[in-house]
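Let's take a walk through this fold, starting from the overall layout and ending with a single residue. Keep the model open as you read.

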Amino acid sequence: MALRDFFIALSENRTLNSAAQKYGLKMGAQSVVAGTNIQETIASIKELNKQGISCTVDNLGEFVYEKSEATAAKEQILEVIKAIHENGVDAHISLKPSQLGLDIERDFCYQNLKEIVALADEYNIFVNFDMENYDRLHPSFELMEELNEEHKNVGTVIQAYFHESDENIEKYKNYRLRIVKGAYKEPANIAYQDKAEIDQKFIELIEYHLLNGKFTSIATHDHNVIDHVKQFVKVNNIPNDKFEFQMLYGFRKDMQLQLAKEGYNFCTYVPFGRDWYGYFMRRLAERPQNLTLVTKQVFTK
Ligand code: FAD
């Protein structure tokens, strides 16, 4: 089994996930998770804001199969929205429909999402629908579209590894979009497996949406892609207020600061909460070198 598959399999292990919750932010996760509660997270956001970096906040959570858990997640996200508003920080919300009941009952999930999107809209806060595995792709797009009928503060993610990503970006071209390579393990009949092919598609999608003129979030730690985008926006006279770079909290911190200093809009994805395990394992799957973050944390205590 490849190392990537190994970590993805671990990320999907529910027993390990609940065990991890009991032990707090151990195993090095504290370097990539901003805190376990809202207060700690707002403090982290304030620090980033001071350096000219905006944030997108993700209340971590996976494997939600009980309505009570989805309701608790919704309440927590509503609290985050209030905290962003009350503290006047530069931040928006990233959420995963599965955490709000997508795998339980569609209408229940819709109602949870609606409450979140409506409150965020009241405070002029954007809500991004993160994209998960393929089974949840179309149900998530559809929920976002439905909510968009009443609330314009929603947008989503296009994952470059899907063969259908060209059609999806065309369909959702009027939305604010985050473009990513794609983080889950998907079969070859629906997703590219070859890194070079995924990278190529990623660039094409970014260019397409930038030329479209709608706001584009380029979410990557890949310096080659970032350098390419810098050139592309220059040649095509795309103003800085039409796009931003995004990276995950704790990754390539120097580059995050450097991009902000260079005058680009920069947004850090700030995950927080007790349910950090699946998120952390997917980061190890993407880049086993991230294990050095783990060992550093373990040995420098
Ligand atoms: P990779 O392909 O992992 O790396 C390319 C190259 O960049 C590497 O070979 C290396 O040279 C360099 N590099 C990468 N990381 C580092 C590092 N830490 N230090 C030094 N060099 C490095 N996926 C989804 O499926 N759905 C989502 O909703 C989603 N949201 C995301 C939001 C954000 C803000 C980000 C950053 C990612 C998100 N992802 C999401 C994950 C994404 O799909 C990729 O799996 C992940 O970003 C890894 O790909 P990459 O583009 O960062 O570069």
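**A walk through the fold**

Start with the contacts: of those in the protein chain between residues at least 6 apart in sequence, 70% join residues at least 24 apart. Bear in mind that this is a predicted model. The protein chain holds 12 helices and 8 strands, and buried residues account for 42% of its 301 residues.

Ser 217, for instance, has Glu 244 in S7 as its bridge partner.

What about the core? In soluble globular proteins, nonpolar side chains tend to be buried together. Here the largest nonpolar core has 76 residues, and Cys 55, Ile 93, Ile 179 and Val 270 are those with the most contacts inside it. Take Val 270: beyond its neighbours within four places in sequence, its contacts include Cys 55, Ala 34, Ile 45, Val 57 and Tyr 249.

Finally, hop over to Ala 72, which sits in helix H4 (residues 67-87). Is Ala 72 buried or partly exposed? Ala 72 has 15 other C-beta atoms within 10 Å, so it counts as partly exposed. From Ala 72 to Lys 201 is 129 residues in sequence and 38 Å in space, C-alpha to C-alpha.

Terms used
Residues are numbered from 1 along each chain as its sequence is written. This is a predicted model: local features need pLDDT of at least 70, side-chain atom pairs count only at pLDDT 80 or more; totals for chains, interfaces and linings use all residues. Helices (H or I, at least four residues) and strands (E, at least two) are DSSP runs, numbered from the N terminus. A residue is buried if 20 or more other C-beta atoms lie within 10 Å of its own, exposed if 12 or fewer, and partly exposed in between; C-beta atoms are placed from the backbone. Two residues are in contact if their C-beta atoms, placed from the backbone, lie within 7 Å. A nonpolar core is a set of buried Ala, Val, Leu, Ile, Met, Phe, Trp, Tyr and Cys residues joined through C-beta atoms within 7 Å. Two strands pair if DSSP finds at least two bridges between them.
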